[in-house]
Amino acid sequence: MVYVGIPKGQADQEEEVLKTIQDGDSDELTIKRFTESREKPGALWHIYAAKDTEKIREFLKKVAEEQGQENPVDHDPIHDQSWYLDRSLRKRLHQEYGVQGWAIVQFLGDVVFIPAGAPHQARTSDTVHNLYSCIKVAEDFVSPEHVKHCFWLTQEFRYLSHTHTNHEDKLQVKNVIYHAVKDAVGILRANESSLSR
């Protein structure tokens, strides 16, 4: 979070931000960062374990059907990013599917790492409930521990419609694997004589 802009003379907005943070199920330490330490919050994240992805997907499809919405085969309720799980939906997800996530408020200067495949949502300046105007810098990366999961996600994206924003392989996982293996083989060959001793 590289920038958080707080409008001058809008004390009432501070109360709304506090209410959003509290309704977002944030812990007491986070609330104190805002109320006592006067840090600047920019985004409220809800992050879920990757192992719960299918349960969340099933839940979102169920809620969509209850609301009379269609669930096209070439769309995905998670990758479409068309849902925001508010407090009542998060509570229902926990009660019906046993899925509970983590609420993280990202303050100015904070970094949030999201593990590969972990469903997540954020409330920032471009959603219904604003915290404050903010600028975030995002970077996708592939760690060796999550290559398998990243590859699986890439395969999952292939089944989305061709016009879907997540249809393309943004991580270029196959290229990452190719270059990692190429570099490893190059290092082994360069040190071949010392390894044979």
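Q: What share of the residues in the protein is buried?
A: In this model, which is predicted, buried residues account for 35% of the 197 residues in the protein.

Q: And how many helices and strands does the protein have?
A: There are seven helices and five strands, and, starting from the N terminus, the elements follow the order β-α-α-β-α-α-β-β-β-α-α-α.

Q: Let's go inside. How many residues are in the largest nonpolar core?
A: The largest nonpolar core has 18 residues, and V17, I21 and F34 are the ones with the most contacts inside it. Helix 1, helix 2, strand 2 and strand 3 (102-107) are the elements that give two or more residues to this core, and the largest share, four residues, comes from strand 2.

Q: Which residues does the second core include?
A: The second core, which is separate and has 13 residues, includes I56, V63, A64 and L93.

Q: I56 and L93 again, then: which residues of helix 3 and helix 4 meet?
A: From helix 3 come K55, I56, E58, F59, K62, V63 and E66, and these meet L89, R92, L93, E96 and Y97 in helix 4. The residues of this contact divide into six nonpolar, no polar and six charged.

Q: How would one describe the way two helices pack?
A: Two packed helices are described by the angle between their axes together with the distance between those axes. Here, the axes of helix 3 (residues 53-66) and helix 4 (residues 87-97) come within 11 Å and cross at roughly 115°, and the crossing in which helix 3 passes helix 4 is right-handed.

Q: What does the side chain of R90 make a polar contact with?
A: The side chain of R90 makes a polar contact with the side chain of D25, at 3.1 Å. If residues up to four places away in sequence are left aside, R90 touches D23, G24, D25, H46, Y48, Y84, L85 and Q121.

Q: And where is R57, and what does it touch?
A: R57 lies in helix 3, and, not counting residues up to four places away in sequence, R57 touches D76, P77, I78, H79 and E156. R57 is buried as well, since its relative accessible area is 6%.

Q: Back to D25: where is it found?
A: D25 is found in the loop between helix 1 (11-23) and helix 2 (28-35), and D25 is partly exposed, with a relative accessible area of 38%.

Q: What is the phi of D25?
A: D25 has a positive phi of about 70°, although D25 is not a glycine. As background, most residues other than glycine have a negative phi.

Q: What about R38, where does that one sit?
A: R38 is in the loop between helix 2 and strand 2 (41-47), and R38 has a positive phi of about 60° although it is not a glycine. With a relative accessible area of 49%, R38 is partly exposed.

Methods:
Residues numbered from 1 in each chain as written. Predicted model: local features only at pLDDT ≥ 70, side-chain atom pairs only at ≥ 80, totals over all residues. Heavy atoms only, no water. Axes fitted to C-alpha atoms, helices over the stretch in contact; angles between N-to-C directions. Left-handed = near helix turned anticlockwise from the far one by under 90°. Contact = heavy atoms within 4.5 Å. Nonpolar A, V, L, I, M, F, W, Y, C, P; charged D, E, K, R; others polar. Polar contact = N/O pair within 3.5 Å; in protein donor to acceptor, adjacent residues only side chain to side chain. Buried < 20%, exposed > 50% of the residue type's maximum accessible area, 1.4 Å probe, protein only. Core = buried A, V, L, I, M, F, W, Y, C linked by side-chain atoms within 4.5 Å.
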